[in-house]
Amino acid sequence: MLGRLNHVGIATPSIEEAVKVYRDLLGARLVREPFDLPAQGVRVCFVDTPNSQIELIEPLGETSPILKFLEKNPQGGQHHVCFEVPDIHAAAADMKAKGATVLGEPRTGAHGTPVIFVHPRHMGGVLVELMETPADAH
């Protein structure tokens with residue numbers, strides 16, 4: 001079931017400041033245009049790497065789930081890792097059958113495909129996003 005690492009999610013209080021780190025210090029050449037994802041309460045910006053992406057996520061509004069993370073980590077930091085799966089509904093059922101806590105129902109993620117999140121307590125302390133592989137992938 002485990003597919004390609006799609007991205008690492010990095011929470012940040014400022015996408016603009018975070019982009020400077022990836023562009024100026026690490027030499028990132030392709031930084032996508034930031035966009036709002038109101039359904040998830042975040043603003044998102046993807047930074048392409050040779051084999052994956054960094055997803056910069058900034059709170060959007062006072063009810064953003066990222067706010068709680070930033071209260072504990074004011075400078076930001078790694079929020080989640082995202083792996084591709086061929087079928088999100090099968091992956092969610094498989095995770096549940098194996099005793100893992102799936103947080104909510106599949107919903108549309110930043111890549112426009114269905115995603116779920118698996119609770120860190122079942123994933124070695126790491127919040128894991130599973131994302132249905134985009135039709136136009138790779």
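Exposed means over 50% relative accessible area, buried means under 20%, and partly exposed is in between, with a 1.4 Å probe and protein chains only. The areas themselves come from the Shrake-Rupley method with a 1.4 Å probe, and for residues only the protein chains shown count as cover. Helices are DSSP runs of H or I with at least four residues, strands are runs of E with at least two, and both are numbered from the N terminus.

Before going on, a word on the source: this is a predicted model, in which local features need pLDDT of at least 70 and side-chain atom pairs count only at pLDDT 80 or more, while totals for chains, interfaces and linings use all residues. Residues are numbered from 1 along each chain as its sequence is written, and side-chain values use heavy atoms, with hydrogens and water left out.

Back to α1, which covers residues 15–25 and includes leucine 25. That leucine has a relative accessible area of 68%, so it counts as exposed. Together with Val21 and Leu26, Leu25 makes a nonpolar surface patch of about 330 Å². Patches are made of residues with over 30% relative accessible area and no salt bridge; like charges are joined within 9 Å, and nonpolar side chains (Val, Leu, Ile, Met, Phe, Trp, Tyr) within 5 Å. Just after the helix, glycine 27 has a positive phi of about 80°.

Which residues of α1 are buried? They are Ile15, Ala18, Val19 and Tyr22. Looking down the axis of α1, these buried residues fall within an arc of 105°, so they line one face of the helix. The arc is that of the directions from the helix axis to the C-beta atoms. As background, an α-helix has 3.6 residues a turn, so residues three or four places apart point the same way. The cover over the buried residues of α1 includes strands β1 (5–11), β3 (42–48) and β4 (53–59). Contact here means heavy atoms within 4.5 Å.

Helix α3, residues 88–97, can be described in similar terms. Its buried residues are Ile88, Ala91, Ala92 and Met95. They cover an arc of only 100° around the axis, which puts them on the same side of α3. On the other side, His89 and Ala97 are exposed. The buried residues of α3 pack against β5, β6 (102–108), β7 (114–118) and β8 (128–132).

Next, charges. Side chains of opposite charge can pair when their charged atoms come close. A salt bridge is counted when a side-chain nitrogen of Lys or Arg is within 4 Å of a carboxyl oxygen of Asp or Glu. How many salt bridges does a search of the whole structure find? The search finds eight.

One of them joins arginine 4 to glutamate 84, with the closest N and O atoms 3.0 Å apart. This pair links distant parts of the chain, 80 residues apart: arginine 4 is in the segment before β1, and glutamate 84 is in strand β5 (residues 77–85). Arginine 4 is partly exposed at 32% relative accessible area, whereas glutamate 84 is buried at 3%.

Another salt bridge is between arginine 43 and glutamate 16, at 3.0 Å from N to O. Arginine 43 lies in strand β3 and glutamate 16 in helix α1, so the pair ties together parts that are 27 residues apart in sequence. Glutamate 16 is partly exposed, at 42% relative accessibility. Glu16 and Arg43 also belong to a network of salt bridges with Asp36 and Glu58.

A further salt bridge, 2.6 Å from N to O, joins arginine 32 and aspartate 48. Arginine 32 is in the loop between α1 and β2 (35–37), aspartate 48 is in strand β3, and the two are 16 residues apart. Arginine 32 is partly exposed, with a relative accessible area of 40%, while aspartate 48 is buried at 19%.

Last, the whole chain. The protein chain has three helices and eight strands, in the order β-α-β-β-β-α-β-α-β-β-β along the sequence. Its radius of gyration is 15 Å, close to the 14 Å that the globule rule gives for 138 residues, so the chain is as compact as a globular protein of that length. That radius is taken over C-alpha atoms, and the rule is 2.2 Å times the number of residues to the power 0.38. Of the 138 residues, 43% count as buried.
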